[in-house]
Amino acid sequence: MNNESVLTPVYADNAATTKLGPAALRAMIEACEDAFANPSSPHTPGQRAAKLLWASRERIAACIGADAREITFTSGGTEADNLAVLTAAAGEKRHIISTVIEHHAVLRPLERLRRRGYEIELLPVGKNGIVDLEDLRRALRPDTALVSVMTANNEIGTVQPIREIGGLCRAAGVPFHTDAVQAAGHLPIDVRGMNTDLLSASAHKFHGPKGVGFLYARRGTELYPQLLGGSQERGKRAGTENLPAIAGMAAALEEAVSSMAENNAKTARLRDRIIAGILSAVPGARLNGDREKRLANNLNIMIPGANAEAMILLLDGAGIAVSSGAACASGAGELSHVLTAIGLAEEDARCCLRITPGEDLTEAQAEYIVAAVARAAQRIRSI
Ligand SMILES: *Cc1c(COP(=O)(O)O)cnc(C)c1O
């Protein structure tokens, strides 16, 4: 590839994290400079910080159709998921329903609850990675404390029928949590229309800063605080608020929501081009997850015989950053629970590439990715 230097570096791992956007960066600098005081302090600088904190809460709430009082700031998606899941342990009911493809930020707290005597029921997904509503209907019980189903999967990008799932839960009187970390800023979110009681989001997945997120909890949904201390966040989450990050998150989410249609049209076109390109250039390659019900910026492809770790190294050498799945699990050599849940044999699950283009990827770069993947696959297969 002679014009490689014009095309690289190519960052196509936006499901792992996104680059901080300019609006978010500006908001963060402003917050550091003008609102450095503690928002809990009664003096004037403190109240200036408190005002920015509240304004950020209102802006975020407006982006998802919530009320500002329903937003609790957290240190990211993981903490929001933990808080939501462990909320199930606040009451008497002992049965919890979730799915086999959730992020570990949901699965690990569920495992802890299981060890404490809770009955955890993980719904299967079809080969397309989607939950069957009938399975949920059958699983719901009078003693179900919580249902937790992610909006969009971080590995294979599949989008669940959240509105319908929420409707079933609502009808059964069971609180419904959705991990919307991959969806926030990428899919329209309307907490009321989606029938959700709890919803997690994380700023660094929509061009906001890392280490900040939020949990939406519908009014009347009781949270079970995990961090105890001061009375910040109305007693639901102690600790001085990370105001610069929160202000950056608000700016990033507003920006993402206002340019969502345009961004999605662009990334979906790039995604489809990469999918079509790889499927035609690489014999035996197969798309994982549903073809239609998927995030605009996610494609996950199985290339039999081409080990993903080796592929990633070769692609990195060509200036392309992609992944084999969850950033937290890869590297540990851990087999993806999501890929096995959609029915892949271990051998095939180790040959899957996740490519998640951003809005700034060019068509030429998309073509470059296809060519580089084809070359790398051929090289590995020939060894
Ligand atoms: C990234 C991610 C998380 C974790 O969010 P952090 O802010 O990195 O803690 C949780 N769930 C999903 C689906 C994710 O993609």
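Tutor: A crossing is called right-handed if the near helix is turned clockwise from the far one by less than a right angle, and left-handed if it is turned anticlockwise. Please keep in mind that we are looking at a predicted model.

Student: Which hand does the crossing of α2 and α8 have?

Tutor: The crossing of α2 and α8 is right-handed. Helix α2, residues 22-34, packs against helix α8, residues 243-258, at an angle of about 150°, and their axes are 7 Å apart. Angles over 145 degrees count as roughly antiparallel, and so α2 is roughly antiparallel to α8.

Student: Which residues of α2 and α8 meet?

Tutor: From α2 the residues are A23, A24, A27, M28, A31 and C32, and they meet L243, P244, A245, A247, G248, A251 and A252 of α8. Sorted by class, this contact of α2 with α8 holds 12 nonpolar residues and 1 polar residue, with no charged residues.

Student: How should I read the angle between α9 and α13?

Tutor: Here the cut-off to apply is that angles under 35 degrees count as roughly parallel. Helix α9 (residues 260-281) and helix α13 (residues 363-382) pack at about 25°, with their axes 9 Å apart, which means that α9 is roughly parallel to α13. The crossing in which α9 passes α13 is right-handed. On the α9 side the contact is made by R269, L270, R273, I274, G277, I278 and A281, and on the α13 side by E363, A366, E367, I369, V370, V373 and A374. Of the residues in this contact of α9 with α13, 9 are nonpolar, 1 is polar and 4 are charged.

Student: What angle do α10 and α13 make?

Tutor: Helix α10, residues 308-317, packs with α13 at an angle of about 130°, their axes being 10 Å apart, and α10 and α13 are therefore oblique to each other. The crossing of α10 and α13 is right-handed. A310, M311, L314 and L315 of α10 make the contact with A372, V373, A376, A377, R379 and I380 of α13. By class, the contact of α10 with α13 has 9 nonpolar residues, no polar residues and 1 charged residue.

Student: Turning to the ligand, which residues around it come nearest?

Tutor: There are 13 residues around the ligand, and of these T78, D179, Q182, S202 and K205 come nearest. For polar contacts, one looks for a pair of N or O atoms within 3.5 Å. A polar side-chain atom of S202 is 2.6 Å from an oxygen atom of the ligand, while for K205 the distance from a polar side-chain atom to a ligand oxygen atom is 2.8 Å. H204 also has a polar side-chain atom 2.9 Å from an oxygen atom of the ligand.

Student: Finally, what should I look for in the backbone?

Tutor: In general, most peptide bonds are trans, and most residues other than glycine have a negative phi. In this model, a cis peptide bond joins T8 and P9, with omega at about 0°, and P9 sits in the loop between α1 (4-7) and β1 (10-11). N195, although not a glycine, has a positive phi of about 55°, and N195 lies in the loop between β6 (176-179) and β7 (198-202).

Definitions and conventions: Residues are numbered from 1 along each chain as its sequence is written. This is a predicted model: local features need pLDDT of at least 70, side-chain atom pairs count only at pLDDT 80 or more; totals for chains, interfaces and linings use all residues. Side-chain values use heavy atoms; hydrogens and water are left out. Axes are lines fitted to C-alpha atoms, for helices over the stretch in contact, and angles run from 0 to 180 degrees between N-to-C directions. Helices (H or I, at least four residues) and strands (E, at least two) are DSSP runs, numbered from the N terminus. Angles under 35 degrees count as roughly parallel, over 145 as roughly antiparallel, 65 to 115 as roughly perpendicular and the rest as oblique. Contact means heavy atoms within 4.5 Å. Ala, Val, Leu, Ile, Met, Phe, Trp, Tyr, Cys and Pro count as nonpolar, Asp, Glu, Lys and Arg as charged, and the others, Gly among them, as polar. A residue is near a molecule or strand if one of its heavy atoms lies within 4 Å of it. A polar contact is a pair of N or O atoms within 3.5 Å; within protein, one must be able to donate a hydrogen and the other to accept it, and residues adjacent in sequence count only if both atoms are side-chain atoms.
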